[in-house]
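Here are my notes on the model you sent.

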Amino acid sequence: MATTRTPDAGDILDVELAGIDALDVPIAPASTRGRRLWSATWPKVAATGLFFFVWQTLVWLKLKPAYALPAPATVIHRFFTDITKGNLLDATATTLHRAGMGFGVAVLIGSVIGIAVARSRILRAAIGSMITGLQTMPTIAWFPLTILYFGLTEKAILVVVVLGAAPSIANGIISGVDHIPPLQLRAGRVLGARGLSFYRHVVIPASLPGFVAGLKQGWAFAWRSLMAGELLVVIAAKPSLGVQLEFNRQANDYPSLMATMLMILIVGIVVDALFFGRLEHAIRNRWGLIDTAA
Amino acid sequence: MTNTISTEITEVTKLVEKAVNISEVSKVYGPAGAHTFALDRISLDVDKGEFVCLVGASGCGKTTLLNLIAGLDRAGGGEISVEGRPALLFQDAGLFPWLTAEKNVDLALRLRKVPKAQRSKRVAELLHTVRLDGFGDRRPHELSGGMRQRVALARALAQETQVLLMDEPFGALDAITRDLLHDEIERVWTEAGITVLFVTHNVREAVRLGDRVLVLSSRPGRVVAEFPVDIARPRRLESPEVAAVASEVTERLRKEVRRHGPSGSDGAAFGGAQSRAGDI
């Protein structure tokens, strides 16, 4: 095999390669930070404004008596009063603490089960569908049993929170692993990844998007199960959002009731925006799943 | 007595010099009793430092063969021996989307347990080999198709093996990029002294690149023809020499495709020659 390369040919190739590289690389449209912040914020403000407007309209239409359907202004005023003079903040802290604990335990248990099932064909055949069954089961159905075993205590609530969230997290991992493109697995094996290194360098990073989706869903279930729990297992001694709801209902204090509901909604939105939303966005960004041209 | 010993020694040395040796390998798909032979007692070998191209129509088991050589699959019969663990380039670059170009190449070194101190230097060298200096911190989705394949090539070279398998790596690229990458792979092959087994359905490409072009039959897959390519390098895809050899190979390939058509035989009814130079 005769190889006669003139000194120039290689340099010309270099220049040509540099040329197509310069032409081929996609140019992302520039968007300033201000523009992005504005486009993220104004729809939320508009939606909130629309919501309050519809609410106020319903109040004006007098569809329900004034005590049952207070005006937005009343509720918002009551919201701030309850924070500064009432124990809405304490209640929120307690509820969030329980949510964090329950979710944390759910992540641990869900992850272990998820990884085990994703790895073992036998385990998958044995309990794979049961996990999905547990996921769809209304967690409220667990309470009679947990109350029987643990009494009207915090433990009963936390057990149900874990039962609500763990299946979603496990399924998130299983789904994440199942949706890894086979090409990536093959590429990993060709590079010599085996056993533990295969999991560390290929399977776990590749299944991260599915895992995060599972975490997000698990949190939603955890939060919902917790609210149900706090309403059913009323631990009067400790202020919590569920207890607030119950007391407000018993006292017919509807402005305060709605203020509490507003707080529940706000917590849900904030946790999602600050944590899961950002996590999901970071992952999509890293994987190149965000279409900047859109 | 000494004669037989010396011939035996020469034969053993010849065997040792082969970078890839495939002997009577078969691979079967489908349920027992109704299986298809993807490969049927196929045999071929590649010398160290050779650039061999395999061409064939769909269903000829080219990809299956590469998977067997790479160790991704197990043969149903026969023997495969390869020098070292071969690197494999796919049609889709197969880069990990969560890693930058640098980190993708770096991973190959990490898996070989290369110490950290040496890795960054080696990664820079490899990126320079494929002329992607400065693009190391980009993620795969920020690179063009051709650039991704070059990163995949750098990653494969990071494995520092003798044998490089390529499965239609330029099939998804535009013609200009493909031409440049032909020059590029030729340069890398010459400089690194590696052995390349290149699979393609593009006959021109095969003749442009290979020292030898082997034609595979489809269903079952066997080597049915071999065409040595003695054209001096560097070659041009559109040169008359390449075109001449390519037309011979194409005719042989067409004959193979006709074999599966309605007439059943090698298309003698259509006036094609019964046998061609290079047939096995």
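1. A residue is called buried here if 20 or more other C-beta atoms lie within 10 Å of its own. Please keep in mind that this is a predicted model.

2. By that cut-off, strand β7 of chain B, residues 195-200, is mostly covered, with six of its six residues buried. In a regular strand the side chains alternate between the two faces of the sheet. For β7(B), both faces are covered. One side carries T195(B), L197(B) and V199(B), the other V196(B), F198(B) and T200(B), and all are buried.

3. Which strands pair with β7(B)? One is β3(B), residues 51-55, which runs parallel to β7(B) and is joined to it by five bridges. Another is β6(B), residues 163-167, also paired in the parallel sense over five bridges.

4. Turning to the contact between the chains, chain A contributes 31 residues and chain B contributes 36 residues. On the side of chain A that touches chain B, α1 (7-24), α8 (182-190), α9 (195-206) and α12 (254-287) each supply at least two residues. The largest share, nine residues, comes from α1(A). By residue type, this side of chain A divides into 15 nonpolar, eight polar and eight charged.

How values were computed. Residues numbered from 1 in each chain as written. Chains lettered and ligands numbered in written order. Predicted model: local features only at pLDDT ≥ 70, side-chain atom pairs only at ≥ 80, totals over all residues. Contact = placed C-beta atoms within 7 Å. Helix = DSSP H or I, 4+ residues; strand = E, 2+ residues; numbered from the N terminus. Nonpolar A, V, L, I, M, F, W, Y, C, P; charged D, E, K, R; others polar. Buried ≥ 20, exposed ≤ 12 C-beta atoms within 10 Å, placed from the backbone. Pairing = 2+ DSSP bridges.
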